[in-house]
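Hi everyone, thanks for coming. Let me put the model up on the screen, and then we'll walk through it together.

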Amino acid sequence: MNIPFLDHWRKRHETEDSEGPLAAAFDRDPEGLGELLSECELLRARVEEAGVALDDSPRSLQELDQLPPRWRDDPEELPWIGNDAGLYLGTVIVRHVPGARWQVWPGGPVVRLASGREIQVVEAGLDWAMTGAPELYQVYAETAEY
């Protein structure tokens, strides 16, 4: 399909390091960047206020799913909570699903399974924060089956 404006946009955004600075940082220090992605400070602070401790376990995803979605009352905070929820989901998957690892693309981080399947965890987190579906634990459980 020939879309001239898209071709022009791609040419403008291609650089010598076409993966982008986040991907380059990941290549240099995957564990360090994985730790950075797992911080999820805003989400951790909000759920701690509700009495939930995020210990990077699948069970904590179930506890998150049960929280009343008070963040939906704040349109400025909502996308940040969703982003953090997705990164937290990715952290749990990487730590508990054999062969799962972070993969950083110019569009953001995803979790890549040993099968090669990529999980768009940030998108899942945003959907969860906005609508409650899919539940975070459900995404994890489906991922763990692969």
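So, how many bridges join strand β1 (residues 101-105) to β2? Five, and the two strands run antiparallel. Before I go on, this is a predicted model, where local features need pLDDT of at least 70, side-chain atom pairs count only at pLDDT 80 or more, and totals for chains, interfaces and linings use all residues. Residues are numbered from 1 along each chain as its sequence is written, and side-chain values use heavy atoms, leaving out hydrogens and water.

A word on terms: strands (E, at least two residues) and helices (H or I, at least four) are DSSP runs numbered from the N terminus, and two strands pair if DSSP finds at least two bridges between them.

Back to our hairpin: two residues sit between β1 and β2, and Arg-101 has Arg-112 as its bridge partner in β2. Arg-112 also has a bridge partner in β3, namely Glu-118. Two bridges join β2 to β3 (residues 118-119), again antiparallel. In that hairpin, with five residues between the strands, Gly-116 takes a positive phi near 100°.

Why is β2 largely enclosed by the rest of the structure? Because four of its five residues are buried, meaning under 20% relative accessible area with a 1.4 Å probe, protein chains only.

Now the largest nonpolar core, which has 34 residues; such a core is a set of buried Ala, Val, Leu, Ile, Met, Phe, Trp, Tyr and Cys residues joined through side-chain atoms within 4.5 Å. Leu-43, Leu-64, Leu-89 and Ile-93 touch the most other members. Helix α6 gives the largest share, eight residues.

Definitions and conventions
Buried < 20%, exposed > 50% of the residue type's maximum accessible area, 1.4 Å probe, protein only.
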